[in-house]
Amino acid sequence: MSRDIETRMLELAQQYGRYKANAYRFTFEAVRYTADRSYQATREIRHVTGSEVLEGIRQLALRQFGFMAKTVFSEWGIRRTEDFGEIVFQLVHEGILSKTEKDQPGDFASGYDFDEAFVRNYDWLDRLGEPRANRA
């Protein structure tokens, strides 16, 4: 991430006061991650939806933080998917991300339960390196 974006994320955390700078940084990275994965799958550049971004956030969080994802998000002030929607739309408002006419904060409402997505459904065997084919 460039220094300018890094500085901007710190400024946003101070300006809005609800979420830590890391929350903005991670959300921005997750949107890019989601768009990149979409491009790799289709080989076309297209807008990603709120639900696609939420799935990208879930995947990236599990990859980066593992079973600690929910705890990390809580430390940043994020407790539900709607918080990610707020962050995305603050990034849109600041001109860092863009949106279409159809996009709205409600797209992030009730996306998934954090306990379900990051704790109860955490794949311990996969994280321990055992091939999925060897599982009983």
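Select Glu 116: it is partly exposed, with a relative accessible area of 35%. Here buried means under 20% relative accessible area, exposed means over 50%, and partly exposed lies in between (1.4 Å probe, protein chains only).

What you see is a predicted model: local features need pLDDT of at least 70, side-chain atom pairs count only at pLDDT 80 or more, and totals for chains, interfaces and linings use all residues. Residues are numbered from 1 along each chain as its sequence is written, and side-chain values use heavy atoms, with hydrogens and water left out.

**Stop 1: Arg 120 and its partners**

The side chains of Arg 120 and Asp 113 meet in a salt bridge, 3.4 Å from N to O. (A salt bridge is a side-chain nitrogen of Lys or Arg within 4 Å of a carboxyl oxygen of Asp or Glu.)

Go back to Glu 116. Its side chain also forms a salt bridge with Arg 120, at 3.1 Å. How many residues apart are Glu 116 and Arg 120 in helix H6? They are 4 apart in H6 (residues 114-120), so about one helical turn separates them. Residues three or four places apart point the same way because an α-helix has 3.6 residues a turn. (Helices are DSSP runs of H or I, at least four residues, numbered from the N terminus.)

**Stop 2: the start of the chain**

Select Arg 8 and Glu 11. Their side chains meet in a salt bridge of 3.1 Å, N to O. Both sit in helix H1 (residues 3-16), 3 residues apart, so they are about one helical turn from each other. Arg 8 is partly exposed at 21%. Glu 11 is partly exposed too, at 36%.

**Stop 3: the aromatic rings**

Colour Phe, Tyr and Trp. A search of the whole structure finds 14 aromatic pairs. (Rings, with the six-membered one for Trp, pair if their centres lie within 6.5 Å; planes under 30 degrees apart are stacked, over 60 edge-to-face, and the rest tilted.)

Zoom in on Phe 65 and Phe 73. This pair is edge-to-face, with 6.3 Å between centres and 80° between planes.

Trp 76 counts as buried, at 11%.

Now widen the selection. Ring pairs join Phe 26, Phe 65, Phe 73, Trp 76, Phe 84, Tyr 112, Phe 114 and Phe 118 into a cluster.

**Stop 4: helix H5**

Select H5. It has 13 residues and reaches 19 Å from first C-alpha to last, close to the 18 Å expected at 1.5 Å a residue. (The expected span is 1.5 Å times one less than the number of residues.)

Why is H5 largely enclosed by the rest of the structure? Because 10 of its 13 residues are buried. Among them are Phe 84, Ile 87, Val 88, Phe 89 and Leu 91. Asp 83 and Gln 90 are also on the buried list.

Finish just after H5. Click Gly 95: it takes a positive phi of about 80°.

Conventions
Helix = DSSP H or I, 4+ residues; strand = E, 2+ residues; numbered from the N terminus.
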